[in-house]
Amino acid sequence: MPDNILEIDRVTHAFGGLKAVDGCTFSVKRGSITALIGPNGAGKTTLVNLVAGALKCRIGSIVFDGAVISGRPSFQIGQRGLIRTFQISRELGNLTVLENLLVVVPHQRGEGLLNTIFRPAIGRNETRINVAKALGVLDTFRLYGHRDEYAKNLSGGQKRLLELARAVMAEPKLLLLDEPMASINPALVAQIAVRFQALRDAGITLLMVEHNLSAVDEVCDDVVVMAEGRALARGRLAELRLNEAVVRAYLGGVHANRPAG
Amino acid sequence: MDQLGYYLATLVVYFFIYNILVWGLNMQFGVAGILDFTYITFFAIGAYTAGVLTAGPASATNQHYILGLSWPFLVAMVVAALVAAVAGLALGGVALRRLRSDYLAIVMVSVGTIVFDLIANNPNLFNGNDGLGGVPSPFNDILQLDPNTYLYFFVAFSGVIMVGLGLLSHRLTSSPLGRAMRAMREDLEVAEAFGKNSVRIRLIAMMIGCAYAAIGGALLIAFISAISPSGWLPPETFVIFAALLIGGRANTLGSVLGALLIPVIFVEATRFLPKSPSNPELGAALRNVAIGALIIASLWFRPQGLLPERRWRWKGPLPARGGQGIPDA
């Protein structure tokens, strides 16, 4: 297995005349929790969209788990085990919380047309197994009691949790998290941080865009700083705080151990 | 048989046929979220296909149409469903791959209009504007029933087909495949991000819906033994949409209620009201106005429909809690 699960090489993407991502190059180590930080407008979310295939990557190359994924449609990237969450929660509103988890389980034989018509037991058996797993995941993310609620009726914070629970349920190899800690209360942030470490220990690599620097400090092994569409520096957060370019671009007056913004 | 019995039995057949049509559209729009604004075209494809397959050669009549193979009805109906499904695959394969739902709707309307003009203005295909007539009644070459008794046979026959399609519809919508379709409806991009092939899943919904429309069309042409372009004008699609919206999207029984209320009671039953002699088209025009108003009123006051989508609940055993010790939020 290659050492890096994700290799981003000179990826460039422009909206009109604006180069949101401009020759961005970095890699993510397998089994790490890597943070992607940077000022607003640095191109972090665009990069996430390019990696996940929501935007088509035309310039540069992205290699995931040994296979070139740049330019592939997002469902193929998802099937390979690269799962992303969204900066603004995008729950499937008219599905229940439990269904939001059931639907993302990869490679379900019960989704085949012929199996559905002629062998419905396949889907039923799969569902029974998936429900057991999903309820466990919901338990972890404090949503067990809301399992039969329509996802649209959850509170903002609960929707964030659902976003994470759903991503975990999808059996990812690499989790791409776009501001997972946003609008989650501080007590829960600590618990989620523990959860992320447990995921990493279970063999899942995490790459997260995050502004909550104390959370980043706590859980991330590696930090990539983006500015003006490029990867500016990488290392541990403590080292980056000493890097003048990084401080100028992003950290500015933020003191250690205090969340930014 | 008395006149009222005949009239009611006719309405029941219409109800069964519309019910099948609403279920098909429900699969496309109610479940998978595909704005198929040319649904009635697939109904017509089914009706014409079944018509020219079951009718005898055109040379024996004073009509012009292709084929004329005198096939048994059930075979013709299945072929009609397949032809419509392939047509849906062709249209969906192009349109669903690239277009957002609003542009998709525009393309659908355009394609429907083109097909309509093609059929209405080409007299050699399906006898053009005069319409296809003299289509034989299914099984009556064997049964040799008198028209009144045959009507009751047809009620039972179409009823059996309807129930079968209803069960199939329920099996599909309540399956993991149905859940994936609903995920498409809710947020296409999210479903794709989780590895769902939206083109494949939405094409399945499209094809099943088109097959249902075609079976409805085949039953109709078998029942009234004729169809002409005036019988499937593009606005008819919106009658089916009205039934679906008012009955309740993504609810199999809601579709039944919608089919009963809108096309049957509201449209078909009122066709038999006395017409104004000075303006015979007034009734039809007023019906269209009223259907538009009903759609608006329904979306305004009860957007989920009379019978809303039923919430899926896991009814099996709940496993022991995971032991994470985190209380519910």
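This is a predicted model: local features need pLDDT of at least 70, side-chain atom pairs count only at pLDDT 80 or more; totals for chains, interfaces and linings use all residues.
Residues are numbered from 1 along each chain as its sequence is written, and chains are lettered from A and ligands numbered from 1 in the order in which they are written.

Back to β8(A), then. What does it pair with? Strand β7 (residues 174-178) of chain A runs parallel to β8(A), with 5 bridges, and strand β3 (residues 33-37) of chain A is also parallel to β8(A), with 4 bridges. To pair, two strands need at least two bridges found by DSSP. If you want to find these on screen, look for A:L177, whose bridge partner in β8(A) is A:M208, and for A:I33, which stands opposite A:L206.

Is β8(A) buried or exposed? 5 of its 5 residues, 205-209, are buried, so the strand is largely enclosed by the rest of the structure. For the cut-offs: buried takes 20 or more other C-beta atoms within 10 Å of a residue's own, exposed takes 12 or fewer, partly exposed is in between, and the C-beta atoms are placed from the backbone. You'll remember that in a regular strand the side chains alternate between the two faces of the sheet. In β8(A) both faces are covered, with A:T205, A:L207 and A:V209 buried on one side and A:L206 and A:M208 on the other.

Now a helix, α6 (residues 156-169) of chain A. It has 14 residues and reaches 20 Å from first C-alpha to last, close to the 20 Å expected at 1.5 Å a residue; that expectation is 1.5 Å times one less than the number of residues. Here 12 of the 14 residues are buried, so α6(A) is largely enclosed too.

A:R142 has phi near 60° without being a glycine; it sits in the loop between α5 and α6 of chain A and is buried, with 20 other C-beta atoms within 10 Å. A:E228, also not a glycine, has a positive phi of about 50°. A:E228 lies in the loop between β9 (222-227) and β10 (230-235) of chain A and counts as partly exposed, with 16 C-beta neighbours inside 10 Å.

There's another sheet to look at: an open one of 4 strands in chain A, ordered β2-β1-β4-β5, with antiparallel pairing. At its edges are β2 (18-29) and β5 (67-68), each with a single partner strand, so one side of each has no neighbour in the sheet. Strands β1 (residues 4-15) and β4 (residues 59-64) are joined by 5 bridges, and A:E7 has A:V63 as its bridge partner there.

Zooming out, chain A has 10 helices and 10 strands. Its radius of gyration is 19 Å, close to the 18 Å from the globule rule for 261 residues, so chain A is as compact as a globular protein of that length. That radius is over C-alpha atoms, and the rule is 2.2 Å times the number of residues to the power 0.38. Of the 261 residues, 51% count as buried.

Last, the partner chain. 46 residues of chain A are in contact with 36 residues of chain B, contact meaning that C-beta atoms, placed from the backbone, lie within 7 Å. Which element of chain A gives the most to that side? It is α5(A), with 11 residues.

Notes. Two residues are in contact if their C-beta atoms, placed from the backbone, lie within 7 Å. Helices (H or I, at least four residues) and strands (E, at least two) are DSSP runs, numbered from the N terminus.
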